[in-house]
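Please prepare a short briefing on the structure shown below.

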2 protein chains.
Amino acid sequence: MRICLIGFGAVGQGVVKIISLKKKHVKNKFNIELKVVGVSDSSGSAINQEGLDEELLLDIKSKTNKIYNYPKYGDNSLQGIELLDNVDYDCLVEATPTNISTGEPAKSLTLKAFNDKKDVVTSNKGHLALFFNEMISKAKENNVEFKFEASVGGAMPIINFSKKTLPSSEIESIIGILNGTTNFILSRMTSEGSSYKDTLEESKVLGIAETDPSQDVEGIDAACKTVILANSVLGIDCVYDDIEIEGITNITSQAIELAKKEGYFIKLIAEISKDKLKVAPRLVKKNSPYAIEGTLNMATLKTDLAGDVTVVGKGAGSIETASAILTDIINIKKTIRE
Amino acid sequence: MRICLIGFGAVGQGVVKIISLKKKHVKNKFNIELKVVGVSDSSGSAINQEGLDEELLLDIKSKTNKIYNYPKYGDNSLQGIELLDNVDYDCLVEATPTNISTGEPAKSLTLKAFNDKKDVVTSNKGHLALFFNEMISKAKENNVEFKFEASVGGAMPIINFSKKTLPSSEIESIIGILNGTTNFILSRMTSEGSSYKDTLEESKVLGIAETDPSQDVEGIDAACKTVILANSVLGIDCVYDDIEIEGITNITSQAIELAKKEGYFIKLIAEISKDKLKVAPRLVKKNSPYAIEGTLNMATLKTDLAGDVTVVGKGAGSIETASAILTDIINIKKTIRE
């Protein structure tokens with residue numbers, strides 16, 4: 001399976017790293033031969049139909065930050081979508097940053113790959129949150145696979161879990177904590193009694209919150225994931241604008257303290273059902289599956305027969321997110337075989 | 001798919017109930033036609049190759065407690081293993097009570113079905129804990145399917161979860177709370193400050209602990225599940241006698257209070273890895289995925305790439321456990337098709 005990777009930031013580098021670590025295992029266990037034939041960052045690209053060396057890719061990126069410096073096969077004239085016409089590949093791994101205004105460049109990259117009859121695996125949320133149905137329809141039209149486990153919850157395998165482990169039950173709704181940064185901030189405010197502002201600053205210093213944390217703290221990131229789960233797991237036709245969103249910026253340490261006294265925590269909760277598409281702070285009971293700390297993500301599936309079933313996992317991290325991408329790549333080959 | 005059900009207690013009745021509820025859904029979604037052709041309890045049986053009526057089965061059992069009273073098709077001369085030679089079926093659903101000394105009658109029933117080239121789905125732990133490898137080998141020898149999701153954690157889909165959702169990662173160990181009764185007792189002792197003895201009595205009154213609670217409180221039930229997960233998920237060849245077991249009967253309210261002061265709970269934890277096969281009380285951190293209350297079960301898979309991934313679900317309940325059996329039945333047909 002020849003991989004073309006566009007986007008060579010933390011997640012993209014994670015993908016190359018685990019392909020390096022796991023390619024023998026994947027060959028032995030699933031009979032899939034993984035080969036990275038093209039990589040693009042915002043500066044340019046590296047292309048070799050025989051396969052690029054994973055360790056060298058990581059080394060060049062870490063030392064020069066420009067992948068076109070890859071010896072012999074680097075190219076500073078080709079980048080992003082142009083790469084797709086200049087490399088012969090089977091699966092596009094699309095790991096560019098999420099853009100919630102336009103869904104680009106993920107949308108154009110993905111549609112181009114579909115049009116060329118290539119499978120696509122993505123960690124991007126933008127095009128899914130804005131154009132979920134269009135993306136899925138185009139994949140079907142072109143008879144290609146389109147997978148996006150990494151776009152929700154990093155290494156928490158919520159989409160595969162929902163689709164593969166509970167065939168006897170119907171999933172009626174999903175309630176989850178889908179953003180690790182806000183969960184970290186609220187957990188710290190609870191354990192330390194500190195203010196929102198101070199805790200946000202601390203989170204930035206620790207590298208957990210970004211310099212511009214608005215996507216996380218305003219609930220935008222969790223809302224994108226809500227759209228993806230609503231469509232893909234519950235079959236609810238919705239887009240980003242359909243989600244009612246309230247972030248955590250108005251949560252005070254007093255509110256957290258009051259809740260705590262009564263045996264509750266305040267968490268940023270996504271509620272996903274036919275009647276409700278909402279991201280907002282809510283009280284959750286102590287010692288319930290919702291009472292997870294730190295940057296963890298969780299989601300509870302409310303089912304008709306199996307009752308509540310919950311999955312918890314690391315919502316971020318380059319290796320963890322990349323592991324979800326590799327799972328999707330393996331599942332594409334398995335699906336095709338079936 | 002013609003089902004022969006042996007064992008018509010809470011779980012067996014749950015199976016018949018959800019077949020009644022879900023057979024149309026299963027037909028539409030998976031193209032599997034479910035038909036119960038034989039049912040046995042300890043008194044006798046009911047057999048009809050055209051299919052028994054699910055509601056009537058439940059009604060007769062609830063009113064007379066003897067399934068041989070089923071009109072026209074009841075038979076008080078056939079019971080248990082004898083039934084298997086007198087009904088034409090595709091899949092044995094084996095839901096007799098667990099016997100941890102001999103593994104019977106589950107073992108003989110299952111081997112007989114294998115020998116007759118029939119698939120088997122079970123909720124029983126005894127034969128698996130005592131003879132795991134023998135059972136699996138015989139299933140393979142006879143080229144039949146053998147599934148047992150319901151035997152561990154009821155509606156917590158830990159086996160399917162481990163096998164289906166994380167193909168890119170290797171599961172290195174499992175740490176879990178695999179017994180709901182003891183988790184309920186320890187949770188109540190923690191929230192109420194009550195003694196072990198009083199809380200056990202309360203649990204009996206509530207119907208959560210059995211009249212003879214030794215299998216649960218001495219850790220035997222959790223140890224059986226440990227054997228099943230060790231073999232089926234981690235490939236560790238072990239039997240019941242290999243598990244180090246300590247129950248919760250010596251846990252005092254003082255010990256729980258001390259732990260609580262330091263931010264910990266005491267839970268009955270199963271640890272499953274190549275180096276350790278152990279069920280014993282352990283301290284777990286507040287607000288971690290281990291800090292679940294009530295009769296819930298949970299298991300954390302420690303993986304090389306995805307980090308810790310946790311699944312939580314209802315560990316008991318007749319409908320919940322039956323839902324795991326129906327999942328196995330559906331997966332058998334799916335496996336055969338692939």
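In which sense do strand β3 of chain A and β4(A) run, and how many bridges join them? Strand β3 (residues 45-47) of chain A and β4(A) run antiparallel, and 2 bridges join them. The model is a predicted one.

**The seven-stranded sheet in chain A**

- Chain A holds an open sheet of 7 strands with mixed pairing, in the order β4-β3-β2-β1-β5-β6-β7.
- At the edges of this sheet stand β4 (74-75) and β7 (146-147) of chain A; each has a single partner strand, so one side of each is left without a neighbour in the sheet.
- Within the pairing of β3 of chain A with β4(A), A46(A) stands opposite G74(A).
- As a general point, strands of a sheet pair through backbone hydrogen bonds, either parallel or antiparallel.

**The seven-stranded sheet in chain B**

- In chain B, an open sheet of 7 strands has the order β4-β3-β2-β1-β5-β6-β7, and its pairing is mixed.
- Its edge strands are β4 (74-75) and β7 (146-147) of chain B, each of which pairs on one side only.
- Strand β6 (residues 119-122) of chain B runs parallel to β7(B), and 2 bridges join the two strands.
- Opposite V120(B) stands F146(B), a residue of β7(B).

- Strand β8 (residues 171-177) of chain A pairs with strand β10 (residues 264-273) of chain A in the antiparallel sense, over 3 bridges.
- I175(A) has E271(A) in β10(A) as its bridge partner.
- β10(A) also runs antiparallel to strand β11 (residues 276-285) of chain A, and 10 bridges join these two.
- I269(A) has A280(A) in β11(A) as its bridge partner.
- The link from β10(A) to β11(A) is a hairpin through 2 residues.

**A helix pair in chain B**

- Helix α3 (residues 106-115) of chain B packs on helix α4 (residues 126-141) of chain B at an angle of about 10°, and their axes are 10 Å apart.
- That angle makes α3(B) roughly parallel to α4(B).
- On the α3(B) side, the residues that meet α4(B) are A106(B), K107(B), T110(B), L111(B) and F114(B).
- On the α4(B) side, they are G126(B), H127(B), F131(B), M135(B), K138(B) and A139(B).
- Sorted by class, this contact of α3(B) with α4(B) has 6 nonpolar, 3 polar and 2 charged residues.

**The two domains of chain A**

- Chain A is divided into domain 1 (2-155 + 318-337) and domain 2 (160-314).
- The C-alpha centres of domain 1 and domain 2 of chain A lie 28 Å apart.
- In the contact between them, 17 residues of domain 1 of chain A meet 16 residues of domain 2 of chain A.
- α4 (126-141) and α11 (318-337) of chain A are the elements that give two or more residues to the domain 1 side of this contact.
- α4(A) gives the most to that side, with 5 residues.
- The residues on the domain 1 side divide into 8 nonpolar, 6 polar and 3 charged.

**The contact between chains A and B**

- The contact takes 36 residues from chain A and 36 residues from chain B.
- On the chain B side, the elements that give two or more residues are α1 (10-30), α5 (158-164), β13 (308-314) and α11 (318-337) of chain B.
- α11(B) supplies the largest share of this side, 7 residues.
- By class, the chain B side has 18 nonpolar, 12 polar and 6 charged residues.
- V312(A) stands opposite T310(B), which belongs to β13(B).

**How the two chains are related**

- Chain B is superposed on chain A by a rotation of 180° with 0.0 Å of shift along its axis, at an RMSD of 0.0 Å.
- This is the relation of a two-fold axis.
- Of the residues of chain B, V311(B) comes closest to the rotation axis, with its C-alpha at 2.3 Å.
- Both copies use the same surface, as 100% of the contact residues of chain B recur in chain A.

Key:
Residues are numbered from 1 along each chain as its sequence is written. Chains are lettered from A and ligands numbered from 1 in the order in which they are written. This is a predicted model: local features need pLDDT of at least 70, side-chain atom pairs count only at pLDDT 80 or more; totals for chains, interfaces and linings use all residues. Two residues are in contact if their C-beta atoms, placed from the backbone, lie within 7 Å. Helices (H or I, at least four residues) and strands (E, at least two) are DSSP runs, numbered from the N terminus. Ala, Val, Leu, Ile, Met, Phe, Trp, Tyr, Cys and Pro count as nonpolar, Asp, Glu, Lys and Arg as charged, and the others, Gly among them, as polar. Two strands pair if DSSP finds at least two bridges between them. Copies are superposed by least squares on the C-alpha atoms of residues with pLDDT of at least 70 in both. Axes are lines fitted to C-alpha atoms, for helices over the stretch in contact, and angles run from 0 to 180 degrees between N-to-C directions. Angles under 35 degrees count as roughly parallel, over 145 as roughly antiparallel, 65 to 115 as roughly perpendicular and the rest as oblique. Domain bounds come from an automatic or database domain assignment.
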